[in-house]
Amino acid sequence: MTSSDSPDTAAEIPETPAARTGVAAMDWAAASADPQYRAAVVDLLGALAYGELAAFERLAEDAKLAPTMGDKAELAKMASAEFHHFERLRDRLAEIGEEPTHAMEPFVAAYDGFHKQTAPSDWLEGLVKAYVGDSIASDFYREVAARLDSDSRALVLAVLDDTGHGGFAVEKVRAAIEADPRVGGRLALWARRLMGEALSQSQRVVADRDALSTMLVGGVADGFDLAEVGRMFSRITEAHTKRMAALGLAA
């Protein structure tokens, strides 16, 4: 779930105002007095936590497909970073009085369904999935983070930190395309499928969770209105196009 972006390929989220207002200007102690806001943040942390745990498991599996020992070690390092992020989210949920497993449970089916539908058939597809698929989710969570209280925002942004997967994936995929240009067409189709599946899963998760959906359409905190939701997905799509270009693939 962490971002696989370099700064120039991340979604261009609107600049944060110099003076934050509403919930974004509060800390967790003040903001969580609103039970609906608290429920939305618990959902957000639960979704992120399971996403990080699933990413750890997937990277560990992908390492088996690595062609060299060095590649295997690189993926193991990234998997370790994902697990560390999971631990931070798990510990935060416990700190605010929530049972981590219970908070993650509503998101297991969606994440597992996504990974089942997008199981890579080889090493290169696994790299593209980590770079493109995970980054779409990270862009979404960054958009939401801008509207959170200061404590929750800092944690979310920290666990979305780049684990180095971006540069590694770009280097390997570009080298493979240079060696055999036919690979590019197959991977471009794969990346487009990932984009569609990731957006569909994100929309389903939000629709199923009342607190999260209310936050996004402006009912909680300084959430998005419906027009802003549309702009948000446009920014995520634009960032996807930039990542495809970085990989040397046609969007």
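Is Gly 248 buried, partly exposed or exposed? Select Gly 248 to begin: it is partly exposed, with a relative accessible area of 40%, where buried means under 20% relative accessible area, exposed over 50%, and partly exposed in between, using a 1.4 Å probe and protein chains only.

Before moving on, keep in mind that this is a predicted model, in which local features need pLDDT of at least 70 and side-chain atom pairs count only at pLDDT 80 or more, while totals for chains, interfaces and linings use all residues. Residues are numbered from 1 along each chain as its sequence is written, and side-chain values use heavy atoms, with hydrogens and water left out.

**The whole protein**

Display the whole protein as a cartoon, and there are eleven helices and zero strands, where helices (H or I, at least four residues) and strands (E, at least two) are DSSP runs numbered from the N terminus. Of its 251 residues, 52% count as buried.

**Around Gly 248**

Return to Gly 248, which is found in the segment after α11 (226-247). Leaving aside neighbours within four places in sequence, Gly 248 is in contact with Arg 174 and Ile 177, contact meaning heavy atoms within 4.5 Å.

**Helix α8**

Next select residues 165-179, which form helix α8. The buried residues of α8 are His 165, Gly 166, Phe 168, Ala 169, Val 170, Val 173, Ala 176 and Ile 177, and Ile 177 is one of the contacts of Gly 248.

**The nonpolar core**

Now select Tyr 141 and Leu 148, which touch the most other members of the 77 residues in the largest nonpolar core; such a core is a set of buried Ala, Val, Leu, Ile, Met, Phe, Trp, Tyr and Cys residues joined through side-chain atoms within 4.5 Å. Helix α2 (residues 35-62) gives the most to this core, with 13 residues. Leaving aside neighbours within four places in sequence, Leu 148 has contacts that include Tyr 37, Val 41, Leu 44 and Met 215.

**Where α2 meets α5**

Finally, select α2 together with helix α5 (residues 108-117), which pack at an angle of about 30° with their axes 10 Å apart; axes are lines fitted to C-alpha atoms, for helices over the stretch in contact, and angles run from 0 to 180 degrees between N-to-C directions. The contact is made by Ala 47, Tyr 50, Gly 51, Ala 54 and Arg 58 of α2 and by Val 108, Tyr 111, Asp 112 and His 115 of α5.

Key: Expected span 1.5 Å × (residues − 1).
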